Amino acid sequence: MEIKQISVFLENTPGRLGEVTKTLAQAGINLRAISIADTDYFGILRLIVDKTEEAVETLTTAGFTTRLTSVAAVEIEDIPGSLAKLMELFQQNQINIEYLYASLEGKAGKAVVIFKLEDHNRGLQIIKDKGFTIAEIF
């Protein structure tokens, strides 16, 4: 299973991120994970939310440019070395990671790491084959 991530393209201006979060809050949409990468002029806000389709419709109606992307959300132990084990697995299998971010939202003692993998399907299969848990929702 995979998680759908919403990417929102934003001008790098004061208050723009606040407009996105306010728009989602007013629609009753809950953020589960969030990441932003920026340059001098624009940023890409990456979101995992509880109501993906509704969030895309709400943001698009409000004038934001959005895109949906499939990502892998992998549950790991919230202890030192857990992420290193997963990184070693990717390295051994030549799986390229385009980017990642994490959320502590989930089960007690667990973290969820969200990966955009170059070869999504192969990466998911390797994760499953090695006994890691793919989070379907969190």
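**An aromatic pair and its helix**

F90 and F115 are both buried, where buried means under 20% relative accessible area, exposed over 50% and partly exposed in between (1.4 Å probe, protein chains only). The model is predicted, so local features need pLDDT of at least 70 and side-chain atom pairs pLDDT 80 or more, while totals for chains, interfaces and linings use all residues. Residues are numbered from 1 along each chain as its sequence is written, and side-chain values use heavy atoms, without hydrogens and water.

Searching the whole structure gives 1 aromatic pair. F90 and F115 form it edge-to-face, at 5.1 Å centre to centre with 75 degrees between the planes. The pair joins distant parts of the chain, 25 residues apart: F90 belongs to helix α3 (residues 82–92) and F115 to strand β6 (residues 110–117). Rings of Phe, Tyr and Trp (its six-membered ring) pair if their centres lie within 6.5 Å; planes under 30 degrees apart are stacked, over 60 edge-to-face and the rest tilted. Helices (H or I, at least four residues) and strands (E, at least two) are DSSP runs numbered from the N terminus.

Within α3, the buried residues are S82, L86, L89 and F90. They lie on the same side of α3 because they span an arc of only 95 degrees around the axis, taken from the directions from the helix axis to the C-beta atoms. Q91 and Q92, on the other side of α3, are exposed. The buried residues of α3 pack against β4 (65–77), β5 (97–103), β6 and α4 (120–129), with contact meaning heavy atoms within 4.5 Å. After α3 comes Q94, with a positive phi near 55 degrees.
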